[in-house]
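Hello,

Here is the structure for you to look over. My notes follow below it.

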Amino acid sequence: MTRVLLAVNAGSSTLKFRAYQSGSQTLLLQGLLDRFGSEQAQLNIRDPHGQSHSHAIGKAGREAGVAAMLAALAQHALIPEGVVHRVVHGGARYQQATAITATVRSELETLIPLAPLHQPASLAVIDAFSAQNAALPQLACFDTAFHAGQDSVATRFAIARHWHDEGVRRYGFHGLSYAAINRQLPALGLAAARTVVCHLGSGASACAIHAGRSIASSMGFSALDGLMMGTRPGNLDPEVVLYWQEKHGMSVAAVRDELYKRSGLLGVSGISADMRELLASTQPEAAQAIELYCWRAAREVASLAAAMEGLDAVVFTAGVGEHAAEIRARILARLGWLGFELDTQANNTRQTRLTKADSPRHAYVLATDEEGEMARQAAVFFTR
């Protein structure tokens, strides 16, 4: 049996995991538990040789899914010696990898109102591992941690001080993704640069990074703020919520459902939250959703450049950022006034540098690696 460290990334309906050989970054197995709670739920496994295997697990909850994952590891003669989880919200307290004790787990539960879709999913998976093996060490790595060093001016809302003291402030998210990208910037000569990284996926955000430090993020108190996303609106006048409640009598639950599941690309297009489907569509509503998505992204890049008092580079990452050449092109076209000159061939063939050699400023596309970042942080924790 080979001992491994499991890096687990829980979503609202998915669970990604990677098994790394203990004491190294050698990837031995990776998988995806998809569509929890549906009859189509299945476990997809891929080994380092590229061999894939799928196993139906039926309409199972996370505990059954985790049991299936551990069984798959056993079939490959892998035994976990520890699990590190991506946890979206660490609040103001948790700013580095932290061992999950009963106290820590309880404190993370109090943060559910700040991340109502993501936090419960992570806690459910943590509980599922505990149910399978209570002695298995578990760690949490936090999406908010990368932004913890921002200046106070970047974290405050213009509301009464007692709310800020209670924790109503800007936190920022997708921190594990940004940390993974930040590790790659020195190889591009951007170690000291003013860089805006655009994490464009189902959830989307942008972060201003200067000399390896988070300066500002598009996301704030929750993962709703900032950029337009697959099903989330991003920036929204709070009076819209009051309008929904007063004019239409919507409950808190109904408003939350509208904000998290019925807005963004899906809401504007009325077709899909999947950028691939919208790009393939000939419907004007799809075109409008795409235009708004790109306009909002370009506007946020310019805003974050102001936060850094300058801009040297833009980096695209995550599902849409890494794979949708047309979206990158449209955003960079809107940023042409800042000195980004797109190399169309480089963009279409997904070269690392997307701009012409003599472009005043450069744009790049880099693959993010949240699970790898989690494994690195866990390795540091275990060797303390």
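K356 touches E341, L342, D343 and H362, not counting residues up to four places away in sequence; contact here means heavy atoms within 4.5 Å. This is a predicted model, in which local features need pLDDT of at least 70 and side-chain atom pairs count only at pLDDT 80 or more, while totals for chains, interfaces and linings use all residues. Residues are numbered from 1 along each chain as its sequence is written, and side-chain values use heavy atoms, with hydrogens and water left out.

K356 sits in the loop between helix 14 (344–348) and strand 13 (362–365). Helices (H or I, at least four residues) and strands (E, at least two) are DSSP runs, numbered from the N terminus. K356 counts as partly exposed because its relative accessibility is 39%; buried means under 20% relative accessible area, exposed over 50%, and partly exposed in between (1.4 Å probe, protein chains only).

H164, in helix 5 (residues 161–166), is buried at 17%. Leaving aside neighbours within four places in sequence, H164 is in contact with T155, R156 and R169.

In helix 2 (residues 102–109), V104, R105 and L108 are buried. They lie on the same side of helix 2, because they cover an arc of only 100° around the axis (taken from the directions from the helix axis to the C-beta atoms). A102 and T103, on the other side of helix 2, are exposed.

Regards
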